[in-house]
Structure formats: structure tokens, C-alpha cells
Amino acid sequence: MTKQFDSLWLPYAQMKTVVPPYRVVRAEGVKLYFDDGTALIDGISSWWCVIHGYNHPVLNKAVQEQLAKFAHVMLGGLVNDAAIKLAETLVRITPFGLNHVFFGDSGSVGVEIALKMAIQFWRNQGFPQKSRFVALRRGYHGDTTGAMSVSDDDEGMHRLFKGAILPQYFVDAPGGPNIESDESQASLGQLEELLRANNSQIAAVILEPIFQGAGGFRFYPPEYLFCARRLCDEHKVLLIFDEVATGFGRTGALFAADLANVTPDIMVLSKALTGGYFGLSATIATSQVYESFLGDDPELAFMHGPTFMGNAVACAVALASISLIETENYLSKIKAIEKVLIEEFHGLDGPSLCDARVLGAIGVLEFESPSNLMGFREFGRDRGVWLRPYGKWLYTMPPYIIDEDDLRLVTAVMKEWLLYQGKCI
């Protein structure tokens, strides 16, 4: 690590040996510009959030207009128009029945809010023992303590904290082309058995709908959500959808829940909520959940309040982002991205390639081992593309505004790596 970065502690990195990061001095559209003059196509939307690309004039204007009024006021005893309007907009566009919005400032915090909300929902109704959660193996819900507890601690990045965080219940992740697949049926069987035996202790089931992100970039059948909803209702536990990664079009529908026409009891949104401009999350609950917190007893109130919740600038740019999605028919852009990815990945083969898969604006190449991707960062940079492999997965989740030529350049670099790997073996 060079001296110039000694004061900056980077994420997910061994600071003694980490390769020095590239220094971004400007960004425009889908391009990142470095201090040495290099320009790269960002193929992963800065951890999946910059869906409109960089320096977008509509989003810039929304920020500037709100800044001219004020940047932030606390939501304790005060409100602002942007937060009110964004809450109303989210209720309008999310699955029917999600009627009440609680803001936070990151995806992890949004998940923490959802977990606390579920526990207190049952406590307020006289069931304080219902405080545990069921989650999917290979899942990822964030890096804060509660979020880590419902992420897969056996294989995931949080395994070294096992024993130090609250243990939860886990079932195998679903998978396969349809709900009748062995993986999905096994998962549902485990879920049903767990809920039947332990529903008196379980507050909620939490899952990433349709697409598991950092736990392996896996897809599973939408019908699983319908079955999970039925089982939760049958055994009287809540259902939480973590749509931090999937929300706002990434899977091809505005929300992954829409692919199964299922309404969870609680939904968590973040990442693309502000188009990548600010940290903001929204934890959205049904009226049934919300009304359990109402009453004359102050102890029923939800005791949570991030300092920057409902930040006016973040809410203003989120409103502008949603307006772009709706007025510029972003779902058709995502469908076009999916079509190109399917074409480009069709028939791919290589000595170290295990799978190539596509869903919406997500394209994934899965290799045998992380060692198969050693050196890719520099390989991609030399060819004009910024992709950041994770473990044994090389993936693209591009900004939705990417044009076909740039997208095909991204996939060309991914495919060229396959050829390069073949020569090395």
C-alpha cells in the first residue's frame, strides 16, 4: 500500500498487501476518469447503485434545488416536503399493501430496522418470545451486527464472527430453473419443517427475492416467494424482502417481488434508491405491521431514529431518480440489456468456467475458484472496462443508460478473459 493511502482504510481489503486503488477525478455517463487520464466503462454501477450513470443533469438539478433551500433537518419534531413526497411515491410504486415508510441511511441500517420492527411487532401483541429469524444460506444482508446474524455465516464473509453474533435459523438456498427443482423443493421442505417446529420463537423469514447477491450471484424461481408467503401466513411469522440489490429494476421488474406478485410484510430498499448519489434506505411496512405500534402506551412506539433519516437532499434526488425510471421507460432499457447479455453469454465455455447466467441487468460468469480471476482488474483496465470480481464470480450489473456498444465491450472483455484463462491452463 502506498504512503498516500495510509490514512484511508479501504473496505474488504488486507491493507498490508492490497493493490493501490485507482484515483477517480471525474465521472460522466458510464465512464470513470482516473488521475492518469485513463477512462473506463463502469460495468458494475459502483456496487450496483449508479443506475442512471454519473453526473446526470436531472439528478444534479434536484440536488442543487434542494441545497438552495436546506440540506437537512431532523425528523424528530420536524419534517420536510421531500421526505413526505418520497414516502408517498414509494407507497405508490411498491407492491400493494406496503403503506408506511421508515427511512434510514444505508441498506444495512434498513435491514436492522426491519429486524427490530419484526421483533417489536410481536412484542407489542404479547409474544416477546418471537425474536428469532429464518434466512437463506448463501444470503447477504449487510455488515452491521443484526444484518450479519441473518447472513450466511458458514460460507460468507462474516464467518469469523460466528459465535459472537446472535444465532439464527437457516435453510438451504433455493435454485434451479423452476419451483419443482430439487434445490427449491428441499429449501421449501426445510422452511416448512422449521416454521412448524419453531414458529413460537420466530419473528420473520428474511430473504433476498429472486437474486442472492454477494452470497454467490444466484438466481432462484419467483414461485419460491409465493410458497414462502403461504408458509409464513400458515405459521404466523412475518416475511421480509431485502430488495436493497434488486429494487428499482435490476431483475427486470421494478421490484423482484413483482415477478411473483407477492407482497411481503416488510420490504427494504437502498442502493439504487437515490441513483447512487447519497446513502438512503427505506423500510416499508404493511398497515398490519404499522398499526401494531399504535396505542396509548408509549412503550408501543418504534424506538429507532437514524440522525440523517429522511435527509432532504437524498429524498429529493430519490424522487428525481424514480421520475427518470418512470418517464423514460427504464424497464425497456433493462430488457434490452438482458437481451444483449443473453446473446453474449450464450454457449460460453472454458476450462475453468462453471456457469454463465443472466437475469435482467445482471450477467454472471462463475469460475471454479477465485484464483481463476487473479489479475483480472488490470486485464479489464487495459481494455477500457472497470469490473471488480468477487470471489469466483465475474459479473456485470451496468448502469441502465449504457448503450449497446459499451455493453458489448464489457462482455467482450469478460469473454476474452475466458480465452486468456484457457491459454494459462
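Guide: A salt bridge here means a side-chain nitrogen of Lys or Arg within 4 Å of a carboxyl oxygen of Asp or Glu. You're looking at a predicted model, where local features need pLDDT of at least 70 and side-chain atom pairs count only at pLDDT 80 or more, while totals for chains, interfaces and linings use all residues. Residues are numbered from 1 along each chain as its sequence is written, and side-chain values use heavy atoms, with hydrogens and water left out.

Visitor: How many salt bridges does a search of the whole structure find?
Guide: Side chains of opposite charge can pair when their charged atoms come close. Run that search over the whole structure and the salt bridge count is 21.

Visitor: Arg-137 and Asp-172 tie together parts of the chain; how many residues apart are these in sequence?
Guide: Quick bit of bookkeeping: helices (H or I, at least four residues) and strands (E, at least two) are DSSP runs, numbered from the N terminus. Arg-137 and Asp-172 form a salt bridge, with their closest N and O atoms 2.7 Å apart. Arg-137 sits in the loop between strand 5 and helix 5 (145–149), and Asp-172 in the loop between strand 6 and helix 6, so the parts tied together are separated in sequence by 35 residues.

Visitor: Is Asp-265 buried or exposed?
Guide: Asp-265 meets Arg-229 in a salt bridge (2.8 Å, N to O). Arg-229 lies in helix 7 (residues 223–235) and Asp-265 in the loop between strand 10 (238–242) and strand 11, so the pair ties together parts 36 residues apart in sequence. On relative accessible area, buried means under 20%, exposed over 50% and partly exposed in between (1.4 Å probe, protein chains only). Arg-229 comes in at 13% and is buried, and with a relative accessible area of 7%, Asp-265 is buried.

Visitor: Which residues do salt bridges with shared partners join to Lys-339 in one network?
Guide: Start with Arg-408 and Glu-343, a salt bridge whose closest N and O atoms are 2.8 Å apart. That pair links distant parts of the chain, with Arg-408 in helix 12 (residues 404–424) and Glu-343 in helix 10 (residues 330–345), 65 residues apart. Through shared partners, the network joins Lys-339 with Glu-343, Glu-344, Glu-404, Arg-408 and Lys-415.

Visitor: In what order do the 7 strands of the open sheet with mixed pairing run?
Guide: Two strands pair if DSSP finds at least two bridges between them. By that rule, 7 strands form an open sheet with mixed pairing, in the order 4-12-11-10-7-5-6.

Visitor: Which residue stands opposite Ala-135 in strand 6?
Guide: Strand 5 (residues 132–136) and strand 6 run parallel, joined by 3 bridges. In strand 6, the residue opposite Ala-135 is Phe-170.

Visitor: At what angle does helix 10 run to strand 13?
Guide: 3 strands make an open, antiparallel sheet in the order 13-14-16. Its edge strands, pairing on one side only, are strand 13 (353–359) and strand 16 (393–396). For the angle, axes are lines fitted to C-alpha atoms, for helices over the stretch in contact (heavy atoms within 4.5 Å), and angles run from 0 to 180 degrees between N-to-C directions. Helix 10 lies across strand 13, strand 14 and strand 16, and to strand 13 it runs at about 160 degrees.

Visitor: What modified residue does the UniProt annotation place at Lys-271?
Guide: Lys-271 lies in the loop between strand 11 (266–269) and strand 12 (281–286). UniProt positions are given in the numbering used here, feature names are shortened, and annotations may be inferred rather than shown by experiment. For Lys-271, the unreviewed UniProt entry gives "modified residue: N6-(pyridoxal phosphate)lysine".

Visitor: And which residue's backbone oxygen does the side chain of Lys-271 reach at 3.3 Å?
Guide: Lys-271 is partly exposed at 27% relative accessible area. Leaving aside neighbours within four places in sequence, its contacts include Trp-48, Cys-49 and Val-244. The Lys-271 side chain reaches, at 3.3 Å, the backbone oxygen of Trp-47.

Visitor: What is the phi of Ser-45 near, in degrees?
Guide: Most residues other than glycine have a negative phi. Ser-45 is found in helix 1 (residues 45–48) and is buried, at 0% relative accessibility. Its phi is positive though it isn't a glycine, near 55 degrees.

Terms used
Polar contact = N/O pair within 3.5 Å; in protein donor to acceptor, adjacent residues only side chain to side chain.
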